[in-house]
Amino acid sequence: MSSKPAHLEPSKLGTKEYWDNLYTTEISNHAHDPSDIGTVWFDDSDAQAKMVEYLENLAEEEAIDKTSTSFLDLGCGNGSMLLALCEEQWSGRMMGVDYSAQSVALAQQVAASTSWGQNVQFREWDVIAGPMEHVLEPTLPDEGWDVVLDKGTFDAISLSDEKDAQGRRLCEGYRSRVWQLARRGGIFLITSCNWTEEELRGWFEDKDEPGNPGFSLVGRVNYRTFSFGGAKGQTITTLCFRKATKNSSERPEV
């Protein structure tokens, strides 16, 4: 079981001001040119398409259902991740959340320019401090989401120098928040450019710590590798975790 990694050095990418300014600019750009939807994070590695492909494979194996699986996208940005799923005929409930009101406005604007955007709800919500009842509703199975998505959000949170009520860096509380958002047996699919596979496992796997539950690794996405100094690696990492259930067993890697 991997140990928890050391913290990253804070940067402006961990500040709300940075994201508010970015999405304000991208709202204006999209208004002038609807084809310009703004930044699609990790597009150079085709991460979004690979995440969608991974979910498609799970559906083909009947691990999840395209008509009923619910999705919560944490740090939705311009909403492209959920809109890409809609384009592939995923029709379950979808919600994208972001602590930047400008991000939500951009996502709604981009969604309105598509023929399937009406199927997605976008909401301003802070994953670290926002009230859980704003995204967990009694109508959801087991009061949680089937799939929780993160494409770069944990990266940004890890770069924040803010502290929570317990005096911890914000990233320290992220795992327990995601745990509450996923239903029992639900999936957490995360993509990161700041953390390696071993480090992500250190952050999110079950540590048997009272009051701080974790997840089990059940799969990964493979990207093009590079060699440096005799070692091989990837520029980004996508891992699939599952929220444990009683007597649950891990499924094979996809």
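Predicted model: local features only at pLDDT ≥ 70, side-chain atom pairs only at ≥ 80, totals over all residues.
Beyond its neighbours within four places in sequence, Ser70 is in contact with Arg93, Gly144, Trp145, Asp146 and Val147.

Next, colour the chain by secondary structure. Ser70 sits in the loop that runs between α2 (47-60) and β1 (71-74). Is Ser70 buried or exposed? Its relative accessible area is 4%, and since buried means under 20%, Ser70 counts as buried.

Now move to the largest pocket. The space in it comes to about 540 Å³. Two or more lining residues are given by each of these elements: α1 (16-32), β2 (94-98) and α5 (153-158).

Which residues lie nearest the centre of the largest pocket? Select Trp19, Gly152, Thr153, Ala156 and Ile157, which hold that position among the 28 residues of the lining. Then colour the whole lining by residue class: 17 residues are nonpolar, six are polar and five are charged.

The last stop is helix α6, residues 174-181. This helix is mostly covered, with six of its eight residues buried. To pick out the buried ones, select Tyr174, Arg175, Arg177, Val178, Trp179 and Leu181. Two arginines, Arg175 and Arg177, are included in that buried set, along with Tyr174 and Trp179.

Definitions and conventions: Residues numbered from 1 in each chain as written. Heavy atoms only, no water. Buried < 20%, exposed > 50% of the residue type's maximum accessible area, 1.4 Å probe, protein only. Helix = DSSP H or I, 4+ residues; strand = E, 2+ residues; numbered from the N terminus. Contact = heavy atoms within 4.5 Å. 1 Å grid on protein atoms, 1.4 Å probe; cavity = no way out; pocket = protein on both sides within 12 Å on 5 of 7 lines; lining within 4 Å. Points joined across faces, edges and corners; volume = space filled by probe spheres on them. Nonpolar A, V, L, I, M, F, W, Y, C, P; charged D, E, K, R; others polar.
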